[in-house]
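Student: I'm new to this one. Please walk me through it, a piece at a time.

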Amino acid sequence: MELFDTATKTHREVQLGEQALIYVCGITPYDAAHLGHAFTFLTYDLLQRRLQDLGTNVRVARNITDVDEPMYTKANELGMHYLDLTHQEVTEFQRMMRTLNLLDPDAEPRPSQHIPAITDSVKELLQGGFAYNLDGDIYFDIAASPRFASVSGYPESLMRGFSAMRGGDLQRPGKRQPLDFLLWRSIADPRDPAAWATSLGRGRPGWHIECSVMSYVHLGPTIDIHGGGSDLIFPHHECENAQSTALGRDPYVKHWMHTAPLLMGGEKMSKSLGNLVFVRDLLADNDAAAVRIALLRYHYRTGGEWQPDLLPEAHQLLARITHALKQPAGPDPRPHLARIREALDHDLDAPAAVRHLSDMTDAICCGGTVPGAADGLGEALHLLGIELAAG
Ligand SMILES: [Zn+2]
């Protein structure tokens, strides 16, 4: 199987051992699951299914960022404790992903449950000369890392631009370099609920360190495939890689895989733009399998404008599939199955796989002499995670 690798900007064969370790950056749970989330996580679900189909034992960790500034703001607005808000949103998110027939991750780690391991790693970075203290806060010193910029390959000007857009504090006086990033924030305000009393003092972790630490705890020092949305390439994954390699986990990631956004009105779906399409709203009017098929019509590296017309088309395909599954005989399913697998092995080309599934369905409906051809269709549906509604 060949996948595009962000760090080398090439399609590369995935080196498969008996086990594939996959880490996916998950959600910050302060809003309901939207279609952009579903598209991202469906990509890794499809990857997992094909790897398992190849006989690989796959272990997936997908984190939940429950230590994040906007969470406290939203919880305050709602008059809730932020951990109660987290629980509510995570439960809803998990329900939506299961309804879309996504496999549960093997681990769903949260930084709030890994504070001692995080502070140990921050201390190790300080002792190793990769970090420094600034008025009680601790920053990573990018000049000490030979790996910084090796994931994104971005020039410094672009990194500064993204950092400014995505919560960085380029201008803070006292930093050694503007792109040095926060590992630990000290919190003096006793009313702030998201602070822990630790050997580093009272405070909370920065954004990036959680994934370096939790991937190590749950998967070990080297990850086969690390995924997430393309907006995480910088700063999040760049910083994660710099931290982990500084901690001696080098290589940290063998294959970086990023999903393009789904758009609404030409813009990435985002809470701040108010252009979200919620999974629960689509599921109110559509079969979960139809929503899944509609999402599979987008290539993970292309994304694109969300087209609601894909839903009636998906329902039509499901009706044809239901009819085909009742046929006692059909053509040899093996060439069709081979084409679907080939599409997935070529950079997880889900749109091509769905086209081949549609062709296979039509071929079975046209008749043939091989008994049980519909079983091959069942195998294709299983591979793509398309589960027909009962009844
Ligand atoms: Zn992450």
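**Strands first**

Student: How do β3 and β10 pair, parallel or antiparallel?
Tutor: Strand β3 (residues 19-27) and strand β10 (residues 223-229) pair in the parallel sense, over three bridges. Two strands pair if DSSP finds at least two bridges between them. The names come from DSSP runs, numbered from the N terminus: helices are H or I runs of at least four residues, strands are E runs of at least two.

Student: Before we go on, what kind of model is this?
Tutor: It is a predicted model: local features need pLDDT of at least 70, side-chain atom pairs count only at pLDDT 80 or more, and totals for chains, interfaces and linings use all residues. Residues are numbered from 1 along each chain as its sequence is written.

Student: Back to β3. What stands opposite I22 in β10?
Tutor: I225 does.

Student: What is the strand order in the open sheet of four strands?
Tutor: The order is β4-β3-β10-β11, and the pairing is parallel. β4 (57-64) and β11 (253-259) stand at the edges. Each has a single partner strand, so one side of each is left without a neighbour in the sheet.

Student: How much twist from one strand to the next?
Tutor: The twist averages 20°. Axes here are lines fitted to C-alpha atoms, for helices over the stretch in contact, and angles run from 0 to 180 degrees between N-to-C directions.

Student: Which strands does helix α7 lie across?
Tutor: Helix α7 (residues 233-246) lies across β3, β10 and β11. The helix runs at about 165° to β11. Contact means that the C-beta atoms of two residues, placed from the backbone, lie within 7 Å.

Student: Where is P235, and what is its peptide bond from F234 like?
Tutor: P235 is in helix α7. The bond from F234 to P235 is cis, with omega near 5°.

Student: And the bond from D250 to P251, cis or trans?
Tutor: The D250 to P251 bond is cis, with omega near 10°. P251 sits in the loop between α7 and β11.

Student: New topic. What order do the three strands of the other open sheet take?
Tutor: They run β13-β12-β14, with mixed pairing. β13 (267-268) and β14 (304-305) are the edge strands. Each has a single partner strand, so one side of each is left without a neighbour in the sheet.

Student: In what sense do β12 and β14 pair?
Tutor: Strand β12 (residues 262-264) and β14 pair in the parallel sense, over two bridges. L263 stands opposite E305 in β14.

Student: How do β5 and β6 pair?
Tutor: Strand β5 (residues 131-134) and strand β6 (residues 137-140) pair in the antiparallel sense, over four bridges. N133 stands opposite I138 in β6. Two residues lie between the strands of this hairpin, and D135 takes a positive phi near 50° there.

Student: Helices now. How far does α1 reach?
Tutor: Helix α1 (residues 35-53) has 19 residues and reaches 26 Å from its first C-alpha to its last. That is close to the 27 Å expected. The expected span is 1.5 Å times one less than the number of residues.

Student: How many residues of α1 are buried?
Tutor: 16 of the 19 are buried, so α1 is largely enclosed by the rest of the structure. A residue is buried if 20 or more other C-beta atoms lie within 10 Å of its own, exposed if 12 or fewer, and partly exposed in between; C-beta atoms are placed from the backbone. Just after α1, G55 takes a positive phi of about 95°.

Student: Which residues of α11 are buried?
Tutor: H336, I340, A343 and L344. Seen down the axis of α11, they fall within an arc of 100°, so they line one face of the helix. The arc is that of the directions from the helix axis to the C-beta atoms.

Student: What covers those buried residues of α11?
Tutor: The cover includes α1, α12 (350-365) and α13 (373-384). On the other side of α11, R334, P335 and A338 are exposed.

Student: What follows α11?
Tutor: D347 does, with a positive phi near 55°. L348 is in the loop between α11 and α12. L348 has a positive phi of about 50° although it is not a glycine.

Student: Is L348 buried or exposed?
Tutor: L348 is buried, with 23 other C-beta atoms within 10 Å.

Student: And K9, buried or exposed?
Tutor: K9 is exposed, with 8 other C-beta atoms within 10 Å. K9 is in the loop between β1 (2-5) and β2 (10-13). Its phi is near 55°, a positive value in a residue other than glycine.
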